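Dear colleague,

Please find below the structure I promised to hand over. My findings follow it.

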Amino acid sequence: MKKKESYSVSSNPVQAEFGKLNVLFAGESQTKPEHALGPKIYDYYLLHAIVSGHGTFRTETDVYELGPGDCFLIHPGQLVSYVSCHSDPWKYLWVAFTGETGHSLVESAGFLPGCPVLNTTNKSENSKVPEYIHHIQEHFHMKQESAHTAAVGFLHLIWAEIMNCATQPSRLTVVEPQVQRTVKQMINYMTSQYAHPVSIEQMCVSLGYNRAYLSRIFKKETGISPVTYLLKLRIDQAKRLLRERPELSVEQISSSVGLTDPLYFSRQFKRFCGQSPTSYRKEMTGI
């Protein structure tokens with residue numbers, strides 16, 4: 001049965017703010033056989049979610065044969081072309097966005113230029129990506145002031161859905177191996193929590209891994225143990241406070257970097273710096 005060609009697109013009625021995450025437009029199309037776009041370059045991110053049918057997506061280096069449940073992302077400045085199948089032309093929805101936060105969203109799903117495709121075929125019937133794009137299109141069509149806020153919210157939901165239903169996690173490892181990603185999570189955790197009296201055990205529980213495993217991979221990647229890394233992080237922050245905040249006592253600084261025992265703090269500070277916190281402050285500030 002021949003599929004009836006259709007096309008619709010709606011633009012954001014709210015003017016884009018420079019630098020921030022902005023959804024520009026969203027649309028959907030049932031293409032005709034061999035419908036082609038490109039080769040061309042876009043100056044924004046353009047995500048496509050295929051609902052039915054098949055087609056081919058080409059970048060400067062690779063060719064992808066795609067079908068229902070697949071998503072492909074065009075990056076700004078990337079030369080691409082794509083064409084629908086002759087016998088089974090695809091239907092897809094798309095959403096365009098820009099902004100500094102956009103790259104973080106893209107990276108979180110492993111959608112870098114060398115990996116522009118994610119396959120969610122096995123869960124395509126349950127994927128909400130097309131539904132979310134359709135909601136963005138509807139909000140833009142109504143031309144309400146809230147359309148921008150709603151669109152950004154749906155874009156985050158789209159990325160959460162993509163990360164949840166991707167059936168090829170190995171694509172992520174092409175961008176960043178799992179061990180490195182886990183170590184980065186550990187570093188992010190310690191960097192954000194060092195000021196609180198958190199422990200390595202709490203971090204392991206938070207990340208959902210065994211302590212022995214995390215300690216092993218962390219030391220292999222960084223050369224030091226998580227315990228040493230966290231302590232060094234705290235001492236480095238204490239050194240900064242000793243230099244920049246002369247009104248704070250050593251006890252207050254100790255507490256501010258997550259070490260509630262001033263004597264333990266002083267011992268560890270001398271271990272890393274070769275002198276006491278008081279001597280360090282006097283040397284650095286003359287106070």
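Axes here are lines fitted to C-alpha atoms, for helices over the stretch in contact, and angles run from 0 to 180 degrees between N-to-C directions. Please bear in mind that this is a predicted model.

Helix packing

With that convention, H5 and H7 pack at an angle of about 95 degrees, and their axes are 10 Å apart. Angles of 65 to 115 degrees count as roughly perpendicular, and H5 and H7 are therefore roughly perpendicular to each other. On the H5 side the contact is made by Val179, Gln180, Thr182, Val183, Met186, Ile187 and Met190, and on the H7 side by Tyr213, Leu214, Ile217, Phe218, Glu221 and Thr222. Sorted by class, this contact has nine nonpolar, three polar and one charged residues.

Helix H7 (residues 211-222) also packs with helix H8 (residues 226-244), at an angle of about 70 degrees and with the axes 9 Å apart. H7 and H8 are therefore roughly perpendicular to each other as well. Arg211, Leu214, Ser215 and Phe218 of H7 meet Pro226, Val227 and Tyr229 of H8. By class, five nonpolar, one polar and one charged residues make up the contact of H7 with H8.

The sheet

Six strands form an open sheet in the order S1-S2-S9-S4-S7-S10, with antiparallel pairing. Strand S1 (6-11) and strand S10 (117-119) are the edge strands, each pairing on one side only. From one strand to the next, the twist averages 15 degrees.

S1 pairs with strand S2 (residues 22-30) in the antiparallel sense over six bridges; Glu28 in S2 is the bridge partner of Ser8. Helix H1 (residues 100-108) packs on the sheet and touches strand S4 (45-52), strand S7 (70-74) and strand S9 (91-98), with its direction at about 45 degrees to that of S4. Helix H2 (residues 129-142) lies across S1, S2, S4 and S9, and runs at about 110 degrees to S2.

S7 deserves a separate paragraph. Four bridges join S4 to S7 in an antiparallel arrangement, and His48 has Phe72 in S7 as its bridge partner. Three bridges join S7 to S10, also antiparallel, and Cys71 has Leu118 in S10 as its bridge partner. Five of the five residues of S7 are buried, so this strand is largely enclosed by the rest of the structure. Both of its faces are covered, with Asp70, Phe72 and Ile74 buried on one side and Cys71 and Leu73 buried on the other.

Two individual residues

Tyr194 lies in the loop between helix H5 (178-193) and helix H6 (200-207). Its relative accessibility is 16%, so Tyr194 counts as buried, the limit being under 20%. Beyond its neighbours within four places in sequence, Tyr194 is in contact with Leu230, Leu233, Arg234, Gln237, Arg240, Ser256, Val257 and Gly258. Among these, Gln237 is joined to Tyr194 by a side-chain polar contact of 3.3 Å. Tyr194 and Leu259 are 65 residues apart in sequence, while their C-alpha atoms are 9.0 Å apart in space.

Gln268 lies in helix H10 (residues 262-273). At 11% relative accessibility, Gln268 also counts as buried.

With kind regards

Methods: Residues numbered from 1 in each chain as written. Predicted model: local features only at pLDDT ≥ 70, side-chain atom pairs only at ≥ 80, totals over all residues. Heavy atoms only, no water. Helix = DSSP H or I, 4+ residues; strand = E, 2+ residues; numbered from the N terminus. Buried < 20%, exposed > 50% of the residue type's maximum accessible area, 1.4 Å probe, protein only. Contact = heavy atoms within 4.5 Å. Polar contact = N/O pair within 3.5 Å; in protein donor to acceptor, adjacent residues only side chain to side chain. Pairing = 2+ DSSP bridges. Parallel < 35°, antiparallel > 145°, perpendicular 65-115°, else oblique. Nonpolar A, V, L, I, M, F, W, Y, C, P; charged D, E, K, R; others polar.
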